[in-house]
Amino acid sequence: MTRRFWAALPILAALMCGPALAQALPPEQILRIVPNADLQTLDPINTTAGVVQSHAHMIYDQLFGRDAQQRPQPQMVGDYSVSADNLVWRFTLRDRLLFHDGAPVTATDVVASLRRWAARDPHGRQILAITVSLTAEPDGKTVVWTLNRPYGLMLDALSKPAGNMPAIMPARVAATDPFTNIQDTVGSGPFIFVRDEWVPGSKVVYRRNPAYVPRSEEPSGTAGAKRVFVERVEWLNIANAQTSALALIQGELDYIETPGVDFLPMLARRGVRILRTNTLGAPGMIRMNHIHPPFNDPRAREALMLLVNQEEFLQAMFPDPALTQVCHAFFVCGSPQETNAGVPPGLGSPAAVARARDLLRESGYDGAPIVIMDPTDNPFMHAATLVLAQQMQAVGFRTDIQAMDFASMAGRRANRRPPAEGGWHIGLTFWNGLGASDPVGNVPMQASCDRAWPGWPCDAAHQALIDAYPYAASAEERRRILDDLQTSAYRLVPYVPFGQWYLPVAHSPRISGILAMPGIIVPWNIRKATR
């Protein structure tokens, strides 16, 4: 094992080398992180990929953040109010907000950014549909958002830490079509993206923003003071879990977002800190393409739902059962929105598999190969893909597993062409448990046809339940909608859950001050001690 590490040292050295300025920094001023995926796109509005949302938190800021208890707190906003009838929201920016190019952040920038975000985000689309006006006041610091009916989740929407993050950009950047990736990465956040050192597939570099003025409150989640104690952050794409684990032990790395689970005991024995930062874990999702056969037929989707045996998936993915949980709740086990409504009995059992075989035959499936995208750079997702193919073959599906990295899969799933022409049938993914627990923010749950997340479920009755949730007049009505929505999900099958897991981060004992926020890397507040 040690010999393999030393053999990998030239690779690590190449990843960590940089310009003379970076090499001149003392080691405690450079934070080296291995994120859970490679950063290949830069637009937090045009993708829900977790690595892109973590990137967005580095360079952008939001009107509101979320504290560790998931309560919205002012971030860029200095003061806000809502009218007695809950129809008019006023947000006034705090002082000394500057973009990375030195320009002040204005209400015009905020309005443009919110309009771009709202065109893609489920919460945003709901709010936009009831918007009378969204305007910047002449003072340049105040935004007024007027609605035609109250929206109970306004602050929750504006403080979203993941999914489609409502990042505030310069108006010139926010003018980009929301379905086109931005290239200009000027933000106002605590770090600046160093484009000249970005090597897709290898390294991402950020430097401290010296003009950033943090809030005065104590940091908590993405809320409060974003104080930066290092000059430079490097994200290193090291796909080999053993290489990254040994590099962390040797002090060449500081933080691994998703360490290889096989190496957790070794890391702990060698003094590495193992920390759970995501209390809601990550639900696994089997996403099928609803617009092409066979999964445009609800019987084929139901067959897939019935055949999935979650225990087999989780056992193949993770050796330690303490990291996993069988979960059939679409809105995440352990969350306030968890419900058992509508769950069919015996999912994955022999009786369910037999019924799946019948449904597949009734759907008219013609035996064409099912293209399954396989993200081989993620060991546990690759293991899950192989289990799925085996379970599908047992009921009569033919499968065509196509290997690719996770970032390539995220790009390919936007392809609406038939699978034989570069499209796809199935892709496995996992979601931030916080986002998946939100009936509106659970993006793959949406059934808004062409506007839905790739896979494109289309069902007006299902979507109506999602759209009704923010307007529930009582907790009892909200619970009823949740139950109805999950029952509808088991009818529609927008995706199939295949379990829930809780992966810790691994970090050097030299760093401290890590803030917990489900699904993203929070790099501010981290201090790094000398050796």
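Predicted model: local features only at pLDDT ≥ 70, side-chain atom pairs only at ≥ 80, totals over all residues.
Biologist: Which cysteines form a disulfide with sulfur atoms 2.1 Å apart?

Modeller: A disulfide is read from a pair of cysteine sulfur atoms within 2.5 Å. Here cysteine 327 and cysteine 333 form one, with their sulfur atoms 2.1 Å apart. Both cysteine 327 and cysteine 333 are buried. The torsion about their S-S bond is about 100°, so this disulfide is right-handed.

Biologist: And what does cysteine 449 join to?

Modeller: Cysteine 449 is joined to cysteine 458, with an S to S distance of 2.0 Å. The torsion about the S-S bond of cysteine 449 and cysteine 458 is about 65°, so that disulfide is right-handed. Cysteine 449 has 26% relative accessibility, so it counts as partly exposed.

Biologist: Let's move on to helices. How is the packing of two helices described?

Modeller: Two packed helices are described by the angle between their axes and the distance between the axes. In our case, the axes of helix 4 (residues 107-118) and helix 5 (residues 122-129) come within 7 Å and cross at roughly 110°. Helix 4 and helix 5 are therefore roughly perpendicular to each other. Arg115, Trp117 and Ala118 of helix 4 meet His123, Gly124, Arg125, Ile127 and Leu128 of helix 5. The residues of this contact divide into 4 nonpolar, 2 polar and 2 charged.

Biologist: Now helix 8, please. Is helix 8 mostly covered or mostly open?

Modeller: A residue counts as buried when its relative accessible area is under 20%. In helix 8 (residues 241-249), 8 of the 9 residues are buried, so read by that cut-off the helix is mostly covered. Among the buried residues are Gln242, Leu246 and Ile249.

Biologist: What can we see at the two ends of helix 8?

Modeller: At the start of helix 8, a side-chain oxygen of asparagine 240 comes to within 3.0 Å of the backbone nitrogen of glutamine 242. Just after helix 8, glycine 251 has a positive phi of about 85°.

Key. Residues numbered from 1 in each chain as written. Heavy atoms only, no water. Buried < 20%, exposed > 50% of the residue type's maximum accessible area, 1.4 Å probe, protein only. Helix = DSSP H or I, 4+ residues; strand = E, 2+ residues; numbered from the N terminus. Polar contact = N/O pair within 3.5 Å; in protein donor to acceptor, adjacent residues only side chain to side chain. Axes fitted to C-alpha atoms, helices over the stretch in contact; angles between N-to-C directions. Parallel < 35°, antiparallel > 145°, perpendicular 65-115°, else oblique. Contact = heavy atoms within 4.5 Å. Nonpolar A, V, L, I, M, F, W, Y, C, P; charged D, E, K, R; others polar.
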